[in-house]
Amino acid sequence: MNRLERQHLKNVSQMDMQKNEEDIREGPPASSQASAWHLVRRPRRLRQSAAHRALVRETHLSASDFIAPLFVEDGAAAASPIAAMPGQYRYSVDGLVEEAAALTRLGIPGVALFPAIRPDLKDTEASHALREDGLYPRAIRALKKAHPDLIVATDVALDPYSSDGHDGVVLGGRIDNDRTLDVLAAMAVVQARAGADFVAPSDMMDGRVSAIRYALDKAGFTDVGILSYTAKYASAFYGPFRDALSSAPRPRAGVPADKKTYQMDPANRAEALVEAELDVAEGADILMVKPGLPYLDVVSALKARFPAIPLAVYNVSGEYAMVKAAVAAGYLDERAVVLETLLSMKRAGADIILTYHAKDAAIWLAEDAERG
Ligand code: PBG
């Protein structure tokens, strides 16, 4: 700093002090120009009012971004609550149809359906997954009959039907990739026949997208899409979901204790690009990253690599449970935290969000729109 600059700063700070004394005596001046620094760039200009902020907002959240995951079971109760997911239920088929009506009215375009299968119907081959008269195809048919315009995404993986609690067939203490592909391809066709709009392989076997695409096309379901769980991590955030479906790996000799030989290592990001390249080449219509909030760097990486392919993110059960617990304890404002979380997923690059908050968020967004 030269002498002139030092003098200038001294003058300015003296002016400020004098001005402050005047402020105290006379209240704020009509204009603060007298003390203004000449700053060419002032990012705060664009934040000064709600209208300014709306004008330059980069990311928008809408009910049409959401897919609501829903659980169905064969039960007497229309809806039985899920302990670790307050506000979520296992619905009977009738209850499911009713809930879907509410979601549709709110402008939510789709649901991702998961079945809670009776324990006595589970076996090591997940054979119940192929029954056309099973709970799942019945639920899909009922949903599509009542709500033909609702997008129904169905789950392709063995775990809800597997007595071992794995997404694939367990053989000799290992998950047999290619034998699992046979089952996955066949169950995708059963689901398509029941009316699924998208089949969503959540199993992470190698080659499942091409196996499913081939089987669907051969059966004439060329318009049924594939929403692929492209980068699904071996995450601890799935706990509440596994409780809801009693689908966790069984603690038994000969059954792997976790899913780490097929789900991705949480330490890896570049590997998600390999999975994405394969999914795109094999015919996936929509890519997905799961879980959401702890993996937004992966969302961003996939969007950068495949900007033209729709990208979904799954805001999973454990993320939901954390928010609900903190809200119940009075630590967080649910509405603000949920909307901020969902917005951050879109900002990272997701086009579609699977979230248990879908219904609440759609209601809040509608309220905001009404208020203007
Ligand atoms: C398994 C599956 C899982 C979820 C959906 N399908 C988790 C798992 O690997 O057990 C998790 C969804 C959630 O936690 O919300 N095919």
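# Notebook: strands, core and ligand shell

I began with strand β1, residues 66-73, and found it mostly covered, with 8 of its 8 residues buried. I note here that the model is a predicted one.

**Entry 1, strand β1.** I looked up which way the side chains of β1 go. Phe 66, Ala 68, Leu 70 and Val 72 point one way, Ile 67, Pro 69, Phe 71 and Glu 73 point the other way, and all are buried. Then I went through the pairings of β1. With β4 there are 7 bridges, in the parallel sense. Within that pairing I found Leu 70 opposite Leu 113 of β4. Strand β12, residues 352-355, also pairs with β1 in the parallel sense, over 2 bridges. There I noted Phe 66 opposite Ile 353. Strand β3, residues 89-91, is another parallel partner of β1, again with 2 bridges. The bridge partner of Val 72 in β3 is Tyr 91.

**Entry 2, strand β8.** I turned next to β8, residues 198-201. Phe 198 and Ala 200 point one way from this strand, Val 199 and Pro 201 point the other way, and all are buried. I found β5, residues 151-156, paired with β8 in the parallel sense over 4 bridges. In that pairing Asp 155 stands opposite Ala 200. Strand β9, residues 225-232, pairs with β8 in the parallel sense over 2 bridges. I noted Phe 198 opposite Gly 225 of β9. I then followed the chain out of β8: it passes through helix α6, residues 208-218, to reach β9, and this β-α-β crossover is right-handed.

In the loop between β8 and α6 I stopped at Met 204. Its phi is near 65°, a positive value in a residue other than glycine. Is Met 204 buried or exposed? I counted it as buried, because it has 26 C-beta neighbours inside 10 Å, and 20 or more is enough for that label.

I looked up the largest nonpolar core, which has 104 residues. Those that touch the most other members are Leu 184, Ala 188, Val 199, Ile 212, Val 299, Leu 302 and Ala 312. Helix α5, residues 177-194, supplies the largest share of this core, 10 residues. In soluble globular proteins, nonpolar side chains tend to be buried together. I picked Ile 212 and asked which residues it is in contact with, leaving aside neighbours within four places in sequence. The contacts of Ile 212 are Val 156, Leu 184, Ala 185, Ala 188, Val 199, Pro 201 and Ile 226.

**Entry 5, the ligand.** I listed the residues that surround the ligand: Ala 157, Asp 159, Asp 167, Ser 202, Asp 203, Tyr 238, Phe 241, Arg 242, Ser 247, Lys 259, Val 316 and Ser 317. How many residues of each class are in this shell? I have 4 nonpolar, 3 polar and 5 charged.

Ala 126 is in the loop between β4 (110-116) and α4 (135-146). I found a positive phi here too, near 60°, in a residue other than glycine. Ala 126 counts as buried because 26 C-beta neighbours lie inside 10 Å. In the loop between β10 (286-290) and α9 (296-305) I looked at Pro 291. The peptide bond leading from Lys 290 to Pro 291 is cis, and its omega is near -10°.

I also looked up Asn 268, in the loop between α7 (239-245) and α8 (270-282). Asn 268 has 14 C-beta neighbours inside 10 Å and therefore counts as partly exposed. From Asn 268 to Glu 58 I have 210 residues in sequence and 29 Å in space, C-alpha to C-alpha.

The protein has 12 helices and 12 strands. Of its 372 residues, 42% count as buried. Along the principal axes, its C-alpha atoms fill a box of roughly 85 × 45 × 40 Å. Among contacts with a separation of 6 or more, 76% are between residues 24 or more positions apart.

Note on methods: Residues are numbered from 1 along each chain as its sequence is written. This is a predicted model: local features need pLDDT of at least 70, side-chain atom pairs count only at pLDDT 80 or more; totals for chains, interfaces and linings use all residues. A residue is buried if 20 or more other C-beta atoms lie within 10 Å of its own, exposed if 12 or fewer, and partly exposed in between; C-beta atoms are placed from the backbone. Two strands pair if DSSP finds at least two bridges between them. A crossover is right-handed if, with the strands pointing away from the viewer, the path from the first strand over the helix to the second runs clockwise. A residue is near a molecule or strand if its C-beta atom, placed from the backbone, lies within 6 Å of it. Ala, Val, Leu, Ile, Met, Phe, Trp, Tyr, Cys and Pro count as nonpolar, Asp, Glu, Lys and Arg as charged, and the others, Gly among them, as polar. A nonpolar core is a set of buried Ala, Val, Leu, Ile, Met, Phe, Trp, Tyr and Cys residues joined through C-beta atoms within 7 Å. Two residues are in contact if their C-beta atoms, placed from the backbone, lie within 7 Å.
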